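Please work through the exercises below with the sequence and the model open beside you, and try each task before you read its solution.

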Amino acid sequence: MSQLICKNISIAYEKENVVDNLSITVEKGDYVSIIGENGTGKSSLLKGILGLVALKNGQVIFDEGCSRKNIGYLSQQNPMQKDFPASVYEVVLSGCLKSKGLRPFYSKREKQLAMENLKKLGMDGLKKSCYADLSGGQKQRVLLARALCATDRMIILDEPVTGLDPVATADMYHLVNKLNKDLGITIIMVTHDIDNALKYSNKILHLHKKNKYYYGPKEDYLIHGGCTEDCCASDVSELPKTALDEERITPEELKYGPADSECNNPTCQCHHHMCNKSGGDR
Amino acid sequence: MSIFEEIMGMFSYSFMVRAIVVGSLVSLCASLLGVVLVLKRYSMIGDGLSHVGFGAMAVGLAFNQAPLIVAIPVVIIAAFLLLRVSENSKIKGDAAIGLISSSALAIGMVVNAMSSGTNIDLNSYMFGSILAIDKSEMVLCIILGIIVIGAFIYFYNPIFAITFDENFARATGLKVEIYKTILSVLTAVTIVIGMRIMGTLLISSLIIFPALSAMRVTHKFKHVMIMSVIISMFCFFTGLVASYLLELPTGATIVVSNLCVFIIMTIAGRIKVKA
C-alpha cells in the first residue's frame, strides 16, 4: 500500500537540476533513509515532497490517508531558535496547527494530544521549560513531539542528529525506530550516518552526483553498494545465497565506496566493492 | 502647582489628547509587531521603512500632497519588497535595507531642496513633533490599533508558528506568505503614523526596545507579547509626561525611557538567572 509516490520529479535552482527525474514509492510503515554526499539534493527532495519548493517536473502523490496536511516534519536546526522565548509546551502545541483550522484557539483535545506526545517522548516533566535552554537532544525530542501532533502516519526528518553527541544520537535513532515499529509511522529521513541508516531502515535512497540514484531495499543495497551503473544493477537475486553473504559489504567499506576498489569496467564510473570483483560480468 | 495638577493640565490641550491617543496606540501596535520582527531578525526593517516614509513625505510635500496619502502606499510597497528581497535576492537583507533607506532619505532631501517655495521644516519629520497629529490621523490610528490587536488575538497561534519555525508552518499547509504580507502592511502603517510623533530616526526604537526588554525577564512567547505591550505603554506615558514637565523633545524622551527600562530588565534578568 503506497503512501507516497514520487513520479519523475525534478527540482531546479536557477536552471540547474538538483534532483532530476527521480521516482520512488514509499509504502506504509517503511523506514526510508536518504543518504548521499553534500549537494546531491537530499534536502531539496524533502522540500519538494513537502511542497516547500516548487517542482520543475513530475508529481508527488499521496495515498492511504496521507496528504501534505498530515505529515510531520522535523527540519534542520534553525540558528534563529537559539534565543527564542517559547516554552516546550507552546512549541509542541504548535504542531496541532493544521487540525485547529480556522478556530482561533486550540481545543481541549488538541491540548491533550500535545501532552500525550510530550509523555511519549519523556518530555512532560519539562513542559514549562524554555525551549532555548534545552540540550540538543532534548530539543529534537520536543520537535519530534511537535511532529507527532501533526501526524499519526508519516514523519519526514532532515538530518535530525546533526550536532548531537553520540549518546543523544543513539537515543534519537532509538526513538525514531520506536515510532516506526510500535506506532507504524512511516519514516523518511535524510542522514549522513550510514551505520545507523543501515541498522534501522528497510529502504535506502542513495543520491549520487550527476543526479543518479539508487533506491531499493536495504538488503539489495548492501550488495549493490548503491551503484547505479548497469554492470552492477543487474539481477542480484540470481546470485547464490551463500555468495551474497560472502560478498556483503560492511557499512565501513560502504562509506561512499572504498578508495581502493575502482571499478574494472571501463564504462562504469562507480567505486564499489562488488563491482570491482566481478567487473560487470555477473 | 503640584506635579499632579500639571499632568492634569496636559489633558487640557487638544493636541496633547490626540498625541496621547495616537502615541499609546502606536506603542501598542509597534510592541506587538516588534516581538515578531525582532525574533525573525527583521528589526532593522522598522528603521529602513521610516526612512522610506520620510522620503515619500518629503516628495509628497514638494508636490503639495497630504504626507500620509503619499507615504502609506509607498511604505507598504517598500515593506513588501524588503521582506521578499531579504529571502530571495542576492543582496542580503541588512545590505538591502541600508541601500533602500539611505536612497529614500537622499531622494527626499534632494526633491525637497529642488522644489521652490516650500518652507516646511523637515527637522520635525526627522525627530518628530507632538503637534503634528491631526484629527484624520487620529481616526486612522484608532482603526489601525483595532486591526492589529484583533489580528494578534485571532491569529496568535499561526503567528507563533511562523515566527518560531517558518518551514514547519509552511509544511503543515499554512499560507505563510499571506500572514507575512499582512504583517508587513501593518508594520508599514504603524511606522508611518508613529514617525509623526517619534520622528524618522527614532521610530524603530518603539519596535525593538519593548520586545528586547520583555525577553530579558520572561521566556514564554505569550508572556513576552503581553509584557512588551505593558513596557511599551509604560515607557510612552512616562516619556511623554517627562518631556512635558521638563520641556524636552518627546520622541527622544520616550526612547530614553525605553532605554532605562531595558537596562533595569537586563539587570533583573541576570539576578533571576542567578537566583
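## Confidence

Chain B has a mean pLDDT of 87, and 94% of its residues reach 70 or more, where pLDDT is the predictor's confidence in each residue, from 0 to 100. This is a predicted model, in which local features need pLDDT of at least 70 and side-chain atom pairs count only at pLDDT 80 or more, while totals for chains, interfaces and linings use all residues. Residues are numbered from 1 along each chain as its sequence is written, and chains are lettered from A and ligands numbered from 1 in the order in which they are written.

**Exercise 1.** Find where in chain B confidence is lowest and where it is highest.

*Solution.* Begin with helix H6 (residues 122-127) of chain B, where confidence is lowest, at a mean of 79. Then go to helix H12 (residues 221-246) of chain B, where it is highest, at 94. Helices (H or I, at least four residues) and strands (E, at least two) are DSSP runs, numbered from the N terminus. Where pLDDT is low, the predicted coordinates should not be read in detail.

**Exercise 2.** Describe the open sheet of 3 strands in chain A.

*Solution.* First, write down the order, which is E2-E1-E4 with antiparallel pairing; two strands pair if DSSP finds at least two bridges between them. Next, identify the edge strands, E2 (16-27) and E4 (57-62) of chain A, each of which pairs on one side only. Neighbouring strands of this sheet are turned by 15 degrees against each other on average, direction ignored. Finally, look at strand E1 (residues 2-13) of chain A, which pairs with E4(A) in the antiparallel sense over 5 bridges, and find A:Ser10 opposite A:Asn57 in E4(A).

**Exercise 3.** Work out which elements of chain A each supply at least two residues to the side that touches chain B.

*Solution.* Start with the totals: 24 residues of chain A are in contact with 23 residues of chain B, contact meaning that the C-beta atoms of two residues, placed from the backbone, lie within 7 Å. The elements are strand E5 (71-74), helix H2 (88-93) and helix H3 (97-100) of chain A, and the largest share, 3 residues, comes from H3(A). Sorting the residues on this side of chain A then gives 14 nonpolar, 5 polar and 5 charged, where Ala, Val, Leu, Ile, Met, Phe, Trp, Tyr, Cys and Pro count as nonpolar, Asp, Glu, Lys and Arg as charged, and the others, Gly among them, as polar.

Methods. Axes fitted to C-alpha atoms, helices over the stretch in contact; angles between N-to-C directions.
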